[in-house]
Amino acid sequence: ARVVDAGSDGDERTVEAALRPRRLSEFPGQPRVRDQLALVLEAAKRRGSPPDHVLLSGPPGLGKTTLAMIVAAELEKPIRVTSGPAIQHAGDLAAVLSSLMEGEVLFLDEIHRMSRAAEEMLYLAMEDFRVDVIVGKGPGATAIPLELPPFTVVGATTRAGLLPAPLRDRFGFTGHLDFYATHDLVRILHRSARLLEVDADEAGIGEIARRSRGTPRIANRLLRRVRDWAQVHGRSVVDQDAAHAALALFDVDDRGLDRLDRAVLEALCRRFRGGPVGLGTLAVAVGEEAETVETVAEPFLVREGFMVRTPRGRAATGLAWQHLGLTPPPGTDP
Ligand code: ADP
């Protein structure tokens with residue numbers, strides 16, 4: 001079956017949804033989390049009761065939403081999708097909770113951005129399967145307890161460290177997603193190319209995989225851009241040549257760094273002489289929110305050895321200076 005129209009790019013979310021693996025067995029990468037999750041789900045199925053609540057953490061685009069959907073699919077239960085920012089009032093959460101079916105999976109994306117009041121309601125619901133519905137206002141207000149059928153919360157966050165401990169403790173299983181190895185991205189890209197009906201050769205796929213910041217979402221997006229380039233230039237195959245040209249056009253460098261990554265390194269080296277500099281100051285210098293710098297750019301730059309976190313702030317490594325073609329000041333760590 002034709003899953004996605006190869007001719008039109010469609011809405012990014014629609015394309016993303018079409019490219020999501022549906023079962024744990026077709027989910028490449030994250031072997032540790034996958035094996036742990038498989039065990040937790042299998043045991044729950046055998047017991048015939050919902051599994052512990054699941055918390056997934058890690059940078060954007062690594063598969064948290066995909067895994068939440070897989071949890072529901074493996075349990076053969078429906079899934080309800082919402083997010084922290086969408087739940088500003090405890091009442092919003094009460095409405096969702098009180099309509100859950102037995103065994104349903106409640107996916108809470110960006111759970112660290114939920115309001116305090118909603119968070120407290122969530123503790124109680126996760127632990128006792130109960131919500132207190134407040135009726136009335138002022139001194140006459142009463143809390144009416146409402147029993148809920150057992151369900152499973154799958155929470156996703158880019159920053160597990162930001163969750164208050166009482167909330168974190170309600171999750172029986174926490175999986176931390178890490179950047180993908182290139183060979184896993186190669187598998188993901190082959191599958192995506194097949195679904196998008198894009199003819200791509202090994203070298204083309206390899207080039208995209210190496211330059212995708214270890215992130216499936218970016219890999220899939222770059223594949224579509226390289227496909228665009230190949231189409232417009234009358235090439236029938238996504239090959240290394242097409243990958244080089246398209247990635248250069250979209251400012252992805254040979255190590256996979258994008259504009260934000262390079263802006264952070266440029267600011268660190270040129271404006272702050274390599275640092276250390278505080279996150280807030282660094283974010284202002286690149287014109288981004290501190291949270292974006294911390295959750296999007298930093299994890300990758302640190303993992304690739306371009307940047308280090310020190311007690312006094314963020315600092316550039318020798319590799320960063322070298323990558324930008326600059327001479328590091330004496331005493332810079334490699
Ligand atoms: P997150 O919720 O962590 O931001 P998503 O689950 O939305 O990430 O994944 C983003 C995109 O990347 C989706 O389109 C999905 O198809 C793809 N993706 C993520 N992880 C994988 C994987 N392991 N295999 C294949 N595709 C993946």
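Guide: Two strands are said to pair if DSSP finds at least two bridges between them. Helices (H or I, at least four residues) and strands (E, at least two) are DSSP runs, numbered from the N terminus. This is a predicted model, in which local features need pLDDT of at least 70, side-chain atom pairs count only at pLDDT 80 or more, and totals for chains, interfaces and linings use all residues. Residues are numbered from 1 along each chain as its sequence is written.

Visitor: Over how many bridges do strand S1 and strand S6 pair?
Guide: Strand S1 covers residues 54-57 and strand S6 covers residues 152-157.

Visitor: In what order do the 5 strands of the open sheet lie?
Guide: The pairing in this sheet is parallel. Strand S2 (79-83) and strand S7 (173-176) each pair on one side only, as edge strands.

Visitor: Which residues are closest to the ligand?
Guide: The shell has 19 residues, a residue being near a molecule if its C-beta atom, placed from the backbone, lies within 6 Å of it. Helix H1 (12-19), helix H3 (64-75) and H9 each supply at least two of the shell residues. The closest are Glu16, Gly63, Lys64, Thr65 and Thr66.

Visitor: Is leucine 19 buried or exposed?
Guide: Leucine 19 belongs to helix H1, and touches Ser192, Leu195 and Asn220 beyond four places in sequence; contact requires C-beta atoms, placed from the backbone, within 7 Å. A residue is buried if 20 or more other C-beta atoms lie within 10 Å of its own, exposed if 12 or fewer, and partly exposed in between. Because leucine 19 has 21 C-beta neighbours inside 10 Å, it counts as buried.

Visitor: Which residues does phenylalanine 129 contact, leaving aside neighbours within four places in sequence?
Guide: Phenylalanine 129 sits in the loop between helix H5 (116-128) and strand S4 (130-135). With 16 other C-beta atoms within 10 Å, phenylalanine 129 is partly exposed. Its contacts are Glu147, Leu148 and Pro150.

Visitor: Which residues of helix H8 are buried?
Guide: Helix H8 comprises residues 202-210. Its buried residues are covered by elements including helix H7 (182-195), helix H9 (216-232) and helix H10 (240-249). Those buried are Gly204, Ile205, Glu207, Ile208 and Ala209.

Conventions
Contact = placed C-beta atoms within 7 Å.
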